[in-house]
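Please examine the sequence and the three-dimensional structure shown here before reading on.

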Amino acid sequence: MSSLVFLVPLALLLGGAGLAAFLWSLRNGQYDDLNGAAERILIDDERDSQ
Amino acid sequence: MPGLHCAACILAVETGLARLPDVAQVRVNLSTRRVAVQWRGAVAPELLAALAGLGYPGHLFESEEEGKDPERDRLIRALAVAGFCAMNIMLLSVSVWSGAEAGTRQAFHWISAALALPCLIYSGRIFFASAWAVLRRGRTNMDVPISIGICLAFGLSLYDTIHDGPHAYFDAATSLIFFLLIGRTLDHLMHEKARAAVRGLMRLAPRGATVLDADGSRNYLPLGEVVPGMRTALTAGERVPVDGIVEEGASELDCAIATGESAPRSVSPGMPVQAGTLNLSGPLTIRATAKAESSFLAEMVRLMEAAEGGRARYRRIADRAAALYSPVVHATALIAFLGWMMATGDWHRAITIAIAVLIITCPCALGLAVPIVQVVASRRLFEAGIMVKDGSAIERIAEIDTVAFDKTGTLTYGQPQLVDPTSLQANDLAIAAAIARRSSHPLSRAIAAAAPDAGLAPSEVREHPGLGIEAALEGHLYRLGRAEWALAEAGGQPENGTVLSRDGALVACFAFAETLRPQARAAVDALRGGGLAIVLLSGDRPEAVQPIAGRLGIDEVSAGLLPAGKVERLAALATEGRKVLMVGDGLNDAPALAMAHASMAPASAADIGRNAADFVFLHDGLDAVPVAVAVARVAGRLVRQNFALAILYNALALPVAIAGYVTPLIAALAMSLSSILVVANALRLDAGRALVPVNASSQPAGRLLVQEPGE
């Protein structure tokens, strides 16, 4: 029981951090082009293809 | 750009466009198949032409339509919050179910309550608002039992937590919100994506007109300020802004998109012109006879609004199911409550069982059953180059039994093509093509397209509006145009049609015919093979319609129809009990598109027609029509299967709930299982690709890129 006192809040805190990270990435536009991101890894990194 | 599909495409488009002068930044979005370009300077680079040159033809979108969608962001945030709360409560519940001691259970219930409250307030509000909106109008929908179930479950669980009870339904209440929000979000995403795409396609209507004042000065006025009596100047390549009468000048008008007539119409002073038609060859001065809001274009919009009533009456399958379902659910819960109340007299027990009934019957699976299938179906259609406006369109197109086609621009390209160019002397054709290249007249473009550029350089080219083109080449005077004009100096034999003459003597005659869209015949045959009746409704002359109908084997033909006539024909078919899919592109089709049970338009269509249509196909091939019907029919079958699954599940679970055996554990398991079942069934649409012959190598939409001059 005593371990729960800090373990449960810790778990919730970590989960909350995950939620915050998701909301941030959503606002950051990271889900705008999922297919494109998967394909772009095949393109050599060149200055003009930015 | 419907042709984008891999990393090589991204690279080709991005590097290709970046090479253009003034282009600052290019970014391809593969998921939406769009490219965003930033450039310096006031004039856009030749982007569409460059894209066509790269082999990736595109259409133009309006950038302001790309803005954020607050409703979508709200739904996704609500989904994230609900997911977080539901998962954490579920974790705590697992330990309660596996027999935590009373003190721990109590603590976990309190934490669960603290997590459920924000979920209820923030995420649940979407359902409460919707339920409240229909309740106020004295109706009911699926959100009413959901809202009641969630609120009761939360209230009773809170009561039990305070009074140290063993069971709490916090997990059920929050995961209910989570699952239902998934369905709601998918439904919205699909809605919004396709609608923005259709709305954003290039606009056709002019936004203003160049008005000539009495003192000869020119003013560019917004369309709304043009009043009858004003004189407006129109250069070749512009669209007629308002209905009017030609005052000066001679030209030819392309009426294909307005009336469905395939042949250009010559106009001279005194003749009336309709708003929306395209001025082809010479400058015109037009005296307005109507205001913009009473012009032909506006008339079409009014006809459309009048016609839309029929479609608005269509009720979606989910709503119809909810109308049957929610009274049954409410009644069952009430009967269970009253029954247990009478049997035991224990009100707490009775309420617990009534809530269990509400939760177990809550249409989790029903809320997902329709949207998930429609999202998968719309993705299939998107891959085939077809945009869907909303889910109800997929339901409606699956019901049709008749397909009505427009001719000009739909079955055919609306632009003429040279008949049998090989019968002409290659040399004559090359000369004609070299001259024709200097003109934007549809017949000239057809001749120019029939021969490769031979490097001839005609000089002193002059275009005589309504007559033809004159040019000097190798010391001879050539005329390409109407026979009576080109051969006038010879004073000789009366020829008809379009000819090329050298110094007044006949060199070659040209005949033109309309080209069918690719796969037109195959599409019509496929539709007929699927048990659908085919009707042809055209505004063109019967002589022009009959050969096309003959080539496609269509028997039911109506030619020379006015826009209102098309609507009447559709209404007549509807009173026969037939459900019609209208496929059309012109302004004159817009009311019919709005009137029909379901409608489809090519991306080259007039913008109000495109807005009226449920489906817009980006590729050139007409095979999009049978593909859309086939996908929609498969989707309809999967939706019905999903409903059957959901009802079967309820039939099994309901007796258990009424008998009082549903603990929070069983409720959570049953709910998740039925949702997973329904989602898995919907994904079969994607897996069963062989069911639908999607022609992936459909013709590239190259022709759509032929820009109208001046636009």
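Predicted model: local features only at pLDDT ≥ 70, side-chain atom pairs only at ≥ 80, totals over all residues.

Residues are numbered from 1 along each chain as its sequence is written, and chains are lettered from A and ligands numbered from 1 in the order in which they are written.

A nonpolar core is a set of buried Ala, Val, Leu, Ile, Met, Phe, Trp, Tyr and Cys residues joined through C-beta atoms within 7 Å. A residue counts as buried if 20 or more other C-beta atoms, placed from the backbone, lie within 10 Å of its own. The largest such core has 146 residues, and V373(B), I386(B), A628(B) and A635(B) have the most contacts inside it. Helix α24 of chain B (residues 624-658) supplies the largest share of this core, 16 residues; helices (H or I, at least four residues) and strands (E, at least two) are DSSP runs, numbered from the N terminus. Apart from this core lies another, of 24 residues, including L418(B) and I431(B).

Strand β7 of chain B (residues 251-254) is covered on both faces: S251(B) and L253(B) are buried on one side, E252(B) and D254(B) on the other. Two strands pair if DSSP finds at least two bridges between them. β7(B) pairs in the antiparallel sense with strand β8 of chain B (residues 265-267) over 3 bridges, and E252(B) has S266(B) as its bridge partner there.

F170(B) belongs to helix α7 of chain B (residues 170-200). F170(B) is buried because 31 other C-beta atoms lie within 10 Å.

How values were computed: Buried ≥ 20, exposed ≤ 12 C-beta atoms within 10 Å, placed from the backbone.
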